[in-house]
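Subject: Handing over a structure

Hello,

Here is the structure I promised to pass on to you. Please have a look at it first, and then read my notes below.

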Amino acid sequence: MTIALLAIVASGAPAAEVGSAGDADRMPHFGRSASRHPLVRLRDYLNSPAAATQPGWKRALVEIALNRKPRYARITSYCPRCGGSGTRWGSRTRAGICAADPSYWGPGSVVWIGPPINQTFTVEDTGGAVKGENHFDVCVGTSHAACRNIGVRRNVEYVVLYKAAPRSRWGRRPSGYKPPLAFDAPLFMPRVPEGR
Ligand SMILES: [Zn+2]
């Protein structure tokens, strides 16, 4: 399969035939070279015995996301000490969650954020200073030192694993929440007014 696809690329097929028109964020990974997609290493790790305790949904979503074009974000960081102990979704501020702009991201969205963070985050929070589609305020743990160490990072590569539709009412995080393995929300959508 891979050899055939590479042959198409090598033959000089126009990019328009490789990707689907008008949906650049679902660019097939062979357009970029599968071996260089930033999620390849994570996929390989998740398929290794060392990752046996990782949730199955992560493995499945990463596999799908290998077809998705990476994007770039501004990353800031917070912890319970500097950002409060509770999230907008009613959960605890803890490692692996992040805040994002609710005009673009619904609660329960999942993104993988690349170097130097290299971690998967679930959107469970919002913040007045977290603005724009490409800004994530991440929590890497309860240590304030860790969050100060991250500071502000620009042009950090990220890949969407699951995008929940934006909504104004977040309610409470369902216990045992897992992102669905298929979703219909457009990956990137026009900003919607924040209703109250
Ligand atoms: Zn902090």
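**What I found**

Of the protein's 196 residues, 25% count as buried, meaning that 20 or more other C-beta atoms, placed from the backbone, lie within 10 Å of the residue's own. Please keep in mind that this is a predicted model, where local features need pLDDT of at least 70, side-chain atom pairs count only at pLDDT 80 or more, and totals for chains, interfaces and linings use all residues. Residues are numbered from 1 along each chain as its sequence is written.

The average pLDDT (the predictor's confidence in each residue, from 0 to 100) is 83, and 75% of the residues score at least 70. Over residues 1–24 the pLDDT is below 50, and this stretch has 17 contacts in the model beyond near neighbours in sequence. A contact here means that the C-beta atoms of two residues, placed from the backbone, lie within 7 Å.

The protein has six helices and six strands; these are DSSP runs, helices being H or I with at least four residues and strands E with at least two, numbered from the N terminus. Along the sequence they follow the pattern α-α-α-α-β-α-β-β-β-β-α-β.

The strands form a closed barrel of six, in the order E1-E5-E2-E4-E3-E6, with mixed pairing; strands pair if DSSP finds at least two bridges between them. On average, neighbouring strands of this sheet are turned by 50 degrees against each other, direction ignored, with axes taken as lines fitted to C-alpha atoms, for helices over the stretch in contact, and angles running from 0 to 180 degrees between N-to-C directions.

Strand E2 (residues 97–99) runs parallel to E4, joined by three bridges, and isoleucine 97 stands opposite threonine 122. E3 pairs with E4 in the antiparallel sense over four bridges, with valine 111 facing phenylalanine 121 as its bridge partner. Five residues lie between the strands of the E3 and E4 hairpin, where asparagine 118 takes a positive phi near 55 degrees.

Then there is helix H4 (residues 56–65), whose buried residues are Leu61, Val62 and Ala65. They line one face of the helix, because they fall within an arc of 100 degrees seen down the axis of H4, the arc being that of the directions from the helix axis to the C-beta atoms. These buried residues pack against helix H3 (40–46), strand E3 (110–113) and strand E6 (153–162).

Enjoy exploring!

Conventions: Buried ≥ 20, exposed ≤ 12 C-beta atoms within 10 Å, placed from the backbone.
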